[in-house]
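Have a look at the model first, then read on.

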Amino acid sequence: MHSAVRHLVAGLLSYHVLAYPGWAGSSKQGRDDNKPNYHSNVGVLQYVNPKIGTYGVSPNDNGGMIPSVSVPFGMTRWTAQTRENYISQVPYHDADAFIHGFQATHQPAIWMGELGQVVLTPGWTEEVKPLFEQRALAFRKEDEVSTSYVYEVSLDADTEKEHDWDLTEEAAGEGPVPGGAGSASDDVRNGANGRIRRRDNIVGNFARRIRVAMSASAHTGHLRFNFEGAENCPTEEGLLQPYVSIQVSRQNWTGQVQIDPQRQEVFGSNPQRQDYRLGPDKPASFRGYFVSRFSEPFESYGTSVGANISEGSHSASGGLLGAYAKFHATVRVVEVRTAVSFVSIEQARKNLDLESPDSSSFEDTVESAKSAWLEKLGRVTIEGVNSTDKEHDPRTIWYTGLFHALQYPNDFSEPTSRDLDCPRTFYSGYTDSVHETNESYYQSWSIWDTYRAEHSVLALFAPERVNSMMRSLLQIFDWTGRLPMWANMVETNIMIATNADAVLANAISRGFRSFDLQKAWTAVRKDAYEPPEKDIELLYYDREPDTSYEARAGLTSYMEHGWVSNDGWSESASRTLDYAFNDAACAIVARAVGEEDEAAALEKRAKNYAMIWDAENQFMRARNENGTWANETWGWTEGDKWVYTFDVLHDVEGLAALFAGGRQGMKAKLDEHFDGGHNMHSNEPSHHVPYLYSLIGYPSAAADRIRDLAWDNYNATSSGLSGNEDLGQMSAWYIFSALGFYPVNPASDEYVIGSPFFEKVTLRLPTGAASGGEVGGSERTLVIEAPNATFKPYVKGLSVDGRSIDRPTLRHEEIVVASLIRFEMSETPTRWGEDGEL
């Protein structure tokens, strides 16, 4: 971290402590130690810290995560809102001192847009405060409890003044990329467009406080508000009435809201979709719907447009739209259950009745969420960890990583009855219509990131969902004629290449076949051989607005020359390397359907990475149409010549042969890459790089790099991710690395050996892990042992069920059918695996 950044962080933290002493102290003033305890029988969930990845000085060094509650793969996540989110800003930041509400969010990543959000905020003042900056309620960090199944916090009901307007979408003008379009600035700093938010020197006394607990299911959030300390602040007219306000829409987006006091409901919708400029799909009828049902009768109610309140109004429409319900002054507890739908108000109400019926309690919601996460995370038992402080506990990093990885992609289907096998319904932005299905439908596909290791995590820990996910990809192909690149309700064309080819190959290589393989081949073959519309007219730069499906932009050049020409397309060198890998993935799909000749042709074309090898400089380098070399700094996607020189996931043997000196020359370049500070683990192109040492015969060197990267880039605090989580990929690297292996070529079934972190891990694999996702049969238990791995980083022996392994690789099938994988570890470098995989 640069010294200027260090000073900025130190100053920011110091300002928090000075302006808001409770943020750093341990005072229990005003706290109720008799509050309900939701934390019994949590098992390994004690090691999940949802606040990991919620802090960063800029969007690019922020994990982009939020302390959300939902269930695995839930459509909607619920989070405390400390800022308004937009592209480059998520709704929570751990440095913030005020909570402005509790938000249902569908923003999948920090560089993607929100859609279908709704925000609920409790209040206990004479006047209802509908605007973001008015709703600010101070909170103390020691009163904040964040888990996978419930979020708790106490708010100062008497917070004065307005706060944090500069953290709103209005202040940012939608942020640095309005509508998702344009070139995203690397300079976006804390707050909107470089503004540092003003903090008034206010010390809350919390004499009157609102204690909040929040839990959720897949489509429904459940909030409990306890209004405490009423005796401390009566008005001349009597006690103040508690209320809950709901923000229905933001500026420039026309929301609709209705209030039904007989049903004790507020319901409405808004059409906001922040990525509206990106991609070819323009879903005109898109709306996010909600229904909120309250536990207490309304004493009064009304609507708001901006700061203008209409008391007694039953309905309203407009931008900056809100509604509120006030309760009798003697009410001390209000619960509200809010269901979200992309189908209709009626479906939102059905989601509410099915997932959180009137007969259910808040405790029921908590226990259901807890059980859902325990069913997944409770399958793993970790023993033998490094003795360290709480802020670096590797169990917390690992279990939180799996918690992150099992949130994506999101299941956007909605139930129609309580029967688990009932038909499901969902809205498709591609067709701008509602569909019915007999299974889940998945959205939030950040495939440039997740193809690397996230989908391999899902094959091990959620195999029952993998086939359905592949069918969702192919359903999108049916609608659009293309597989998705970065789908956020619809295609956004963000990032490059057709890495869905690799996601399909990943599933096929791991034995998942319950999807239409012939259609998969048709889809990936189109990726490989059919350029996008206007391929020779557009640059297809990142976030270029209003383009058609990008697919492999520059494929015209790639098929003619063997490389994407730098003078015709943006990010040309990265495209060339990625397209070569995509070709290798397509070959796997081709072979799965018996297309041997097609597979051979694609495997030959997968050697095109060598077309941009500059033998004189020993780097990959962009080329112009006439074959001349471009500037060495041009042509890269979120990287440079250093990391992309090693971006040949599918043919490390061929890559090593390019270097002068072969393996030794490649090792020397790897050493220079790491020792020279060129590796940036905060971004995905670097994730496989340390494992290349193992493949060229230097596993002990890999062990050194892997352990250093784990220590430097991960910890158990809110700043515990050095880069954006990107829908589980940052955590997927740690999950696999801690187990001792990583999928360098994720299109294949191969994992490369690194250095296990734990002495013993017991995995109770779900049914389907060894059978391609097919249910039935018995679960398998896999034990991974690495005695003394906490202080012995080097592998000197490996066996699978007693069978000695000399190569530094394992196959997926070897892992999922094994009972015992045993590493023999050493304190000093060894010669094990020195033949590599080549």
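This is a predicted model: local features need pLDDT of at least 70, side-chain atom pairs count only at pLDDT 80 or more; totals for chains, interfaces and linings use all residues.

Two rings of Phe, Tyr or Trp (its six-membered ring) count as a pair if their centres lie within 6.5 Å.

**Rings**

Two of the pairs are set out here.

| Pair | Arrangement | Centre to centre | Angle between planes |
|---|---|---|---|
| Tyr47 and Tyr399 | stacked | 5.8 Å | 15° |
| Phe298 and Phe327 | edge-to-face | 6.1 Å | 70° |

The tyrosine pair links distant parts of the chain: Tyr47 sits in the loop between α1 (3–19) and β1 (77–81), while Tyr399 belongs to helix α5 (residues 394–405), 352 residues apart. Are these two tyrosines buried or exposed? Tyr47 has a relative accessible area of 18%, so it counts as buried, and Tyr399 is buried with a value of 1%. Ring pairs also bring Trp398 and Phe461 into a cluster with Tyr47 and Tyr399.

Phe298 lies between β13 (288–294) and β14 (300–305), and Phe327 lies between β17 (321–326) and β18 (333–341), so the pair ties together parts that are 29 residues apart in sequence. Phe298 is buried, with a relative accessible area of 13%, and Phe327 is buried too, at 0%.

Arg605 has its charged end over the ring of Tyr529, 4.8 Å from the ring centre. Likewise, the charged end of Lys641 sits over the ring of Phe619, 4.3 Å from its centre.

**Strands**

How many of the residues of β17 are buried? It's 6 of the 6, so the strand is largely enclosed by the rest of the structure. Leu321, Ala323 and Ala325 point one way, with Gly322, Tyr324 and Lys326 pointing the other. Strand β10 (residues 243–247) runs antiparallel to β17 and is joined to it by 5 bridges; Val244 has Ala325 as its bridge partner. β14 is antiparallel to β17 as well, with 6 bridges, and there Val305 is partnered with Leu321.

Elsewhere, an open sheet of 3 strands is ordered β21-β22-β23, with antiparallel pairing. β21 (414–415) and β23 (433–437) are the edge strands, each with a single partner, so one side of each has no neighbour in the sheet. Strand β22 (residues 424–428) connects to β23 through 5 bridges, and Tyr427 stands opposite Val434 of β23.

**A helix**

Helix α16 (residues 662–675) has 14 residues and reaches 20 Å from its first C-alpha to its last, close to the 20 Å expected. Its buried residues are Gly662, Gly665, Met666, Lys667, Lys669, Leu670, Asp671, His673 and Phe674. What covers them? The cover includes β29 (619–620), α14 (641–645), α15 (652–658), α17 (692–695) and α18 (699–713). After α16 comes Gly677, whose phi is positive, near 75°.

Note on methods. Residues are numbered from 1 along each chain as its sequence is written. Side-chain values use heavy atoms; hydrogens and water are left out. Two strands pair if DSSP finds at least two bridges between them. Helices (H or I, at least four residues) and strands (E, at least two) are DSSP runs, numbered from the N terminus. Rings of Phe, Tyr and Trp (its six-membered ring) pair if their centres lie within 6.5 Å; planes under 30 degrees apart count as stacked, over 60 as edge-to-face and the rest as tilted. Buried means under 20% relative accessible area, exposed over 50%, partly exposed in between (1.4 Å probe, protein chains only). A charge sits over a ring if NZ of Lys or CZ of Arg is within 6 Å of the ring centre and within 35 degrees of the ring normal. The expected span of a helix is 1.5 Å times one less than its number of residues. Contact means heavy atoms within 4.5 Å.
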